[in-house]
Amino acid sequence: MISILDSIIPNNNKNLSISIKLFFILIVVLFPFGVIFMLRGLITPENTWMVSVYLSIAGLISILYLISITETVPSVFFIGAVLILATGAEAVGLRTGYPFGHYLYTEHFIPLLPGDVPLAITLSWLIVSINSFLICRLLIPNPKNPYIVPFSAGIIILAFDVLLEPFGSFINKYWLWENNFVPMQNFVSWYILGFMFTFMLEKTTRFIPVPTYRRRIVVPIVLLGLLVTQFAIINFAHGYWLYTSVGIITILAVMRSIKRKYQNEI
């Protein structure tokens, strides 16, 4: 498996490359166990910390991979900015109902960051922002319009939330919405914040020259694909067909549309 990863993970920094490969193998191995545990109801409120561990691994891979294919300083700036802004937006939302609507996180969704925001939520913002951006940016290597990548990535991030809501709120009860209803402003806010975060990446990221873009897109697709697949399996198992179908179709439609339009540039 290491030899396969050599073709999709940069080797310009040996220690960084080894770290990405090891964490990547770990998350792929853990994936089926996570799905089985959830399907069998083995992840109880007392051990939801497992979710944070899994997302921490995915977040670490996303951060290390972004740094491995871009100039370090702008990428580190972006990572820090998203961690602060996402945590701040969630903290404000918990107290005011804006921008997402009125909701609260349950006491078992730990550990918590300042503002009573679960670490898993902040990591989710970071994971989906980095990987949605990389998927769109690597499929559109020379965007003439600076807004096309953030626009496309924002739609993927919105679709990710459509999949996330039944999984996190209705099935696992990680957070609870007022009147048990997800308001439209939540989805609008996810798109706006997703667009803003990926626009920040578009304006600050400087990619290191690579021999081919086609290989470099594998890691972000696999990372985002693992989460989407996990949400889909659990959602379908609990009867949430509409949310899940809309989310998956939207993500695939965006990627297909980009690939068809820009495939000659890759």
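Analyst: A pocket here is an open set of grid points with protein on both sides within 12 Å along at least five of seven lines, whereas a cavity is a set of points where a 1.4 Å probe fits but cannot get out. The model is a predicted one, and its largest pocket has a volume of about 350 Å³. This pocket is lined by 22 residues, of which Met-38, Met-50, Val-51, Tyr-54 and Gln-230 lie closest to its centre. Two or more lining residues come from each of helix 2 (14-39), helix 3 (49-69), helix 5 (119-139), helix 6 (148-171) and helix 9 (218-237). In terms of residue class, the pocket lining is made up of 19 nonpolar and three polar residues, with no charged residue among them.

At least two residues each are supplied by strand 1 (103-105), helix 6, strand 4 (175-177) and helix 7 (184-204). Among the residues that line the cavity are Tyr-103, Tyr-105, Trp-175, Trp-177, Asn-186 and Trp-190, together with Asp-161, Leu-164 and Glu-165, and the lining also includes Glu-90, Phe-100 and Ile-121. Divided by class, the cavity lining holds eight nonpolar, one polar and three charged residues, while the lining of the largest pocket has no charged residues.

Note on methods:
Residues are numbered from 1 along each chain as its sequence is written. This is a predicted model: local features need pLDDT of at least 70, side-chain atom pairs count only at pLDDT 80 or more; totals for chains, interfaces and linings use all residues. Side-chain values use heavy atoms; hydrogens and water are left out. On a 1 Å grid over the protein atoms alone, a cavity is a set of points where a 1.4 Å probe fits but cannot get out, and a pocket is an open set with protein on both sides within 12 Å along at least five of seven lines; lining residues have an atom within 4 Å of a point. Grid points are joined across faces, edges and corners, and a volume is the space filled by probe spheres set on the points. Helices (H or I, at least four residues) and strands (E, at least two) are DSSP runs, numbered from the N terminus. Ala, Val, Leu, Ile, Met, Phe, Trp, Tyr, Cys and Pro count as nonpolar, Asp, Glu, Lys and Arg as charged, and the others, Gly among them, as polar.
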